[in-house]
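Hi,

Here is the structure I promised to pass on to you. Have a look at it first, and then read my notes below.

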Amino acid sequence: MTETERNKSHSTPEGKKMAENKETLINSKMAEQADNKLYDDIIHLPHHVSSNHPQMSLLDRAAQFSPFAALTGFETVIEETARLTGEEAERRETESFTDA
């Protein structure tokens, strides 16, 4: 690609976007390579296994990340509110028929 063609391609919005994407990709690859060099001294060491603490079972490890009920009883309150609202709606409907 000649210099003139390169300047033309950067003058269009698509060309500018492509140039930005290419620059971002190059910068991210350079940053990734720099990050990898930070850990060159330890990356190939064997995984540490504690001699003091037994390994946790996979089931227990999974339980740490499972969802939990942060608002205990909240669902029951919502169900009760829905029930009362339904009863109130039925009562009003019945009253409107008896008044007519």
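Let me start with a term: a salt bridge is a side-chain nitrogen of Lys or Arg within 4 Å of a carboxyl oxygen of Asp or Glu. This is a predicted model, where local features need pLDDT of at least 70 and side-chain atom pairs count only at pLDDT 80 or more, while totals for chains, interfaces and linings use all residues. Residues are numbered from 1 along each chain as its sequence is written, and side-chain values use heavy atoms, leaving out hydrogens and water.

The chain has 4 helices and 0 strands (DSSP runs numbered from the N terminus: H or I of at least four residues for helices, E of at least two for strands). Of its 100 residues, 1% count as buried (under 20% relative accessible area, with exposed being over 50% and partly exposed in between, using a 1.4 Å probe and protein chains only).

The whole structure holds 5 salt bridges. In one of them, R83 meets E80 at 2.5 Å, N to O. Both belong to helix α4 (residues 74-99) and sit 3 residues apart, about one turn of the helix. R83 is partly exposed at 38%, and E80 is partly exposed at 35%.

Further along, which residues are linked in a network of salt bridges? They are E88, R91, R92 and E95. Here E88 pairs with R92, with the closest N and O atoms 3.1 Å apart, and E95 pairs with R91 at 2.5 Å. E88 is partly exposed at 28% relative accessibility, whereas R92 is exposed at 55%.

Enjoy exploring!
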